[in-house]
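Subject: Handover of a structure

Hello,

Here is the structure I promised to pass on. Please open it first, then read my notes below.

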Amino acid sequence: MTFHSMWAELLPIGRSSASGGYRRFAWTGADADCRAWFRTQAESRGLRYELDRNGNQWAWLGDPAEGDAVVTGSHLDSVPDGGAFDGPLGVVSSFAALDELRARQAEFTRPLAIVNFGDEEGARFGLACVGSRLAAGQLTVEQAHRLTDGDGITLPQAMERAGHDPDTIGPDPERLARIGAFVELHVEQGRALDLSGDQVGIASAIWPHGRWRFDFRGEANHAGTTRLVDRRDPMLSYAETVLAARREAQLAGAVATFGKISVEPNGVNAIPSLVRGWLDSRAADQATLDTVVTGVEKAAREYAEAQGVELDVVRESFTPVVEFEHALRDELARILGKDGESAAGLTVPVLGTGAGHDAGILSGTVPTAMLFVRNPTGVSHSPAEYAAEDDCVAGVTALADVLEGLACR
Ligand code: HGY
Ligand code: MN
Ligand code: MN
């Protein structure tokens with residue numbers, strides 16, 4: 001199967017006809033269809049298929065028990081109305097790169113695996129990278145059991161309904177100990193490669209980032225009859241906090257976003273009793289991120305007090321800065337010809353990113369690296385996300401070169 005035909009097969013799964021975006025949320029029907037696609041790709045290539053205790057899928061060439069495996073892959077789930085490339089590009093490219101290596105008659109000296117990490121985006125349960133975090137012991141079983149979706153369904157319940165035994169979840173050090181190197185290919189989520197005129201880049205670091213829930217509680221009341229002075233309206237404090245987040249981020253050279261909100265009772269003609277907003281904030285370093293979040297929280301408390309509103313702030317997740325391992329990063333640069341041109345005619349810039357990835361989670365446990373493929377608009381987490389087919393093909397060639405360099409010495 002070519003890159004093109006794999007891509008075409010995956011394209012309709014979980015796509016909303018209304019928005020043109022993807023709704024591939026963990027443990028839903030669309031997720032199951034993506035997983036079935038992965039399994040078929042694995043088995044049709046004669047790879048050994050494994051579903052691990054945390055719902056991550058693996059396709060093995062060679063014996064995992066030998067250890068020091070080279071692993072590549074990404075994720076197939078999406079944000080609400082996400083693009084086609086964030087995640088799937090890495091998985092499809094992995095299978096295509098393996099096909100390329102077989103066509104080259106490459107001889108593998110290390111086991112190779114392709115992985116699809118479950119629930120990378122955290123669109124349903126609010127926490128990103130659940131599959132890799134569980135495996136790496138960065139999310140405890142107790143914490144995972146408390147994860148709940150917008151309909152009140154817990155993660156274990158959702159797993160069970162999807163036919164996965166939730167009692168098996170937990171740290172998986174033995175599985176991770178088999179991995180000698182993990183390389184994730186991903187569409188770039190910015191315009192650095194477009195601006196530099198390169199098709200493919202190598203990751204240097206991932207900014208520290210986290211998600212904070214702000215609960216503003218006021219008093220529900222009639223929108224027509226309640227005098228302005230008598231209101232305890234949490235929407236006002238929330239709105240002022242959104243502006244404060246923008247201000248703090250701008251001052252610090254960071255980013256801060258309120259992209260999700262839930263309102264109770266959510267009536268046009270009712271002053272809300274509760275406004276719950278989620279802050280996503282990221283910065284190049286920890287101190288800057290702390291400054292932004294502390295500043296937003298301080299402003300939110302002042303606004304809440306001024307409106308007679310109560311405020312609770314809960315940090316729901318946090319991922320510290322990731323500096324990808326220099327030795328592996330330099331190895332990739334060498335294979336892809338950082339100081340000259342690779343076989344594919346590529347020059348390879350090294351860039352940082354504000355986006356989170358399973359590679360970042362695993363980097364604390366195994367040597368990890370990332371390849372980025374040019375995104376001409378930089379748009380991501382949107383139906384408009386895009387990468388040109390010849391850039392995707394250049395990504396496959398680069399990944400094949402890297403896998404050959406690492407696993408076929
Ligand atoms: O949100 C992120 O950075 C990632 O795409 N999960
Ligand atoms: Mn994403
Ligand atoms: Mn992604």
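In which helix does Ala249 lie? Ala249 lies in helix H9. Helices (H or I, at least four residues) and strands (E, at least two) are DSSP runs, numbered from the N terminus.

Some ground rules before the rest. This is a predicted model, in which local features need pLDDT of at least 70, side-chain atom pairs count only at pLDDT 80 or more, and totals for chains, interfaces and linings use all residues. Residues are numbered from 1 along each chain as its sequence is written, chains are lettered from A and ligands numbered from 1 in the order in which they are written, and side-chain values use heavy atoms, with hydrogens and water left out.

Back to Ala249. At 5% relative accessibility, Ala249 counts as buried. Buried means under 20% relative accessible area, exposed over 50%, and partly exposed in between (1.4 Å probe, protein chains only). Not counting residues up to four places away in sequence, Ala249 touches Ala254, Val255, Ala256 and Val292. Contact here means heavy atoms within 4.5 Å. The C-alpha atoms of Ala249 and Ser281 are separated by 8.2 Å, and the two residues are 32 apart along the chain.

Next, helix H10. Val292 is one of its buried residues, as are Leu289, Val296 and Tyr303, among others. They cover an arc of only 165 degrees around the axis, which puts them on the same side of H10. The arc is that of the directions from the helix axis to the C-beta atoms. The face turned away from that buried side carries the exposed residues Thr294, Lys298 and Glu305. The buried residues of H10 pack against helix H9 and strands S7, S9, S11 and S12.

The length of H10 (residues 286–306) checks out: at 1.5 Å a residue its 21 residues should span 30 Å, and its end C-alpha atoms are 30 Å apart. The expected span is 1.5 Å times one less than the number of residues. After H10 comes Gly308, whose phi is positive, near 70 degrees.

Now the metals. Donors are N, O and S atoms within 2.8 Å of the metal (3.2 Å for Na, K and Ca); water is not among the atoms, so sites may look incomplete. Glu121 lies in the loop between S4 and H4 and His381 in the loop between S15 and H13, so the pair ties together parts that are 260 residues apart in sequence. Glu121 counts as buried at 7% relative accessibility, whereas His381 is partly exposed at 40%.

The manganese ion (ligand 3) takes His75 (NE2), Asp86 (OD) and His186 (NE2), at 2.0 to 2.2 Å. Both His75 and Asp86 are buried. The two manganese ions are 3.6 Å apart, and Asp86 coordinates both.

Last, the cores. A nonpolar core is a set of buried Ala, Val, Leu, Ile, Met, Phe, Trp, Tyr and Cys residues joined through side-chain atoms within 4.5 Å. The largest has 56 residues, and those touching the most other members are Trp37, Phe38, Leu89, Phe95, Leu332 and Leu371. Helix H13 gives the most to this core, with ten residues. A second, separate core of 22 residues includes Ala69, Leu193, Phe324 and Leu351.

Best wishes
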